[in-house]
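Me: Can you walk me through this one? I'll ask as I go.

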Amino acid sequence: MLQQLLDSVVLASIYILFSIGMSLAWGILGILNLAHGAILMFSAYVAYLWADSTSASLPMVLIAGLLAGGVLSLLMELGPFRAIRHSVGDAEELELRTVIASLGVSTILVAVAAHYTGNTSFQVPTTFQPTAYQIGSVRISDLQVIIIVVGFGLSLLLALWLSRSRNGRAVRALESDVETAALMGISERKLSSATMFVSGALAGLAGVFLVIYLGATDPAASHSLLTSAFAVIVIGGVGSIGGAVIGALVLALLETLVISNTSGVWSPAIAFSFIIVVLLVRPEGLFSSSRTKVDRV
Amino acid sequence: MNDWYLSNVTIIQSCLIAAMLAMSMQVTMRVGVLSVAGIGFYGLGQYSTALLVLHGILPWGLAIAVTALACGVLAYALARVLSRVRGLYLTMVTLGLVLVLTVVASNGGEFTGGATGLYGIPVTVATWHMLVVIAVGIVICAVTERGFVGRASEALRSDEMLAASVGIEARTVRRANFGLSGMLGAVAGGLNVLTFGTVNPFDAGFPLMVTILTAVIVGGQRTWLGAVIGAFLITSLPTLLSSFSGDTREMAFGALVVVLATYAPDGLLGFASAALRRLRSSLRPPPTMAEPERRRELADV
């Protein structure tokens, strides 16, 4: 039982890294990035390509994934997202078009990775060898500790940055009203680029962790990951870091319990059944932030 | 002509089925909802028709009709249950439902044939059957695109609150569109099963959603005609250009979707009609005072 709890906290840390970025992009910029799962997978793939040619250490591979994710996400912002945002005023139209564009990007990334990997799974080889320690009845590896520390640490740092720093406050101003924020001298372009870079970088980091932790991944995994992140966001509320942490813990615990108590064939349905139930009961998420008002009529 | 038809019959049939599916997605888009529930009903329609025919419960024509009606009612009920869920949340919920259905179908044991699905379903549908069914579908879509229902949907698409304030029954229109979408999806599924003789739980999955959405975006999301044109292009092009297959096809479609969503959200049809409008107005004598106003209004529609 304690072991399952530990495993689910590790899984939750990866979910946190992955879903915070998606949640922030949606909350702050109104972009639901359906390519987020593909970015995670593709960053891991880039890290794999890079690690395959050199014998890289763990930090180097993590940085490679982080940069790849950040750059990919930034390119999406500088390309389609910005063009769409500057051509439509209507919030719903904007949402719809960015979602469609991001689905296109996702298709490209998955297809490119599938083409070069032959649609099979790949690993990220590093010089790092995890060592496991036995503490009582629980086995814990140093990799698990690193994942937990990075996952929870980065989310804490990001939350502090958003609430305390000058730029963080500017980002939150952007979240509530772009035009007024611009009148106060806040550069929407710079901050939205930064937000998207951070969002993608976190996904890239999560990707490398996930592949090293699980051993391998394949291009098609992007879709099911995306649904997990969406479940986390729905539970936690859009744009809320604390909510995402809670959501990730809940989802990871549920998944771990179901996988270890049943044959595992139903596990892909968990995240989604959960989303559906939550949305039916509370359409704005369990821990809603004030920003996204779901009920309009 | 006949030789050409015989060697391309599979593509033609696939195009027609894709066109039905694209219409099913377009029908919800015209009330401003990006829903992939139509794909889920496509899967349901496949299984329901296959099971009804395989177990000899109904002849194939009735099997499709019953399936279509049941799925239409189910889709209407679904829209009722989901009436509190909006916008992108609704998109993700429908996405979730489709993926859950896939899991259910692949774990359904002997009844659904598990992960391998069902096969050996008698192939009874000919191309002319499909043409008749799709013609009926087109008539329904075209009729509901005009007149009061069309205007109500259009109003709902641009502003739900405003539409409700001028007396449009927002919920009823939305639910009716969902019902129609489910029906079209189910019929497409039924036709597909009775044309190709097999069902697989992963038929109605993520790749199909992306393909059909691509079709609607490429053709034009505003009208049924755009959806149909898009479906024909997306389905036939990869087969006609043989080098253009598998992953290359996916990459090209992805790129096409990004470019169109960014620069031409109304697709090829929107692009063509804008060009036509520009051509017409350049041929006409210089506008009077009221003309620019009117033209702006038309452009908004």
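**Chat notes**

Me: Is B:Val133 buried or exposed?
Reply: B:Val133 counts as buried, because it has 21 C-beta neighbours inside 10 Å. Buried means 20 or more other C-beta atoms within 10 Å of the residue's own, exposed means 12 or fewer, and partly exposed is in between, with C-beta atoms placed from the backbone.

Me: Before going on, what kind of model and numbering is this?
Reply: This is a predicted model, where local features need pLDDT of at least 70, side-chain atom pairs count only at pLDDT 80 or more, and totals for chains, interfaces and linings use all residues. Residues are numbered from 1 along each chain as its sequence is written, and chains are lettered from A and ligands numbered from 1 in the order in which they are written.

Me: Which helix holds B:Val133?
Reply: B:Val133 is in helix H6 of chain B, residues 127-145. Helices (H or I, at least four residues) and strands (E, at least two) are DSSP runs, numbered from the N terminus.

Me: And what does B:Val133 touch?
Reply: Leaving out residues up to four places away in sequence, B:Val133 touches B:Val187 and B:Leu191. Contact means C-beta atoms, placed from the backbone, within 7 Å.

Me: How is chain B built overall?
Reply: Chain B has 14 helices and two strands. Its radius of gyration is 20 Å, close to the 19 Å from the globule rule for 301 residues, so chain B is as compact as a globular protein of that length. That radius is taken over C-alpha atoms, and the rule is 2.2 Å times the number of residues to the power 0.38. Of the 301 residues of chain B, 49% count as buried.

Me: Last topic: how do E1(A) and E2(A) run?
Reply: Strands E1 (residues 132-135) and E2 (residues 138-141) of chain A run antiparallel, joined by four bridges. Strands pair if DSSP finds at least two bridges between them. A:Gln134 has A:Arg139 in E2(A) as its bridge partner.

How values were computed:
Two residues are in contact if their C-beta atoms, placed from the backbone, lie within 7 Å.
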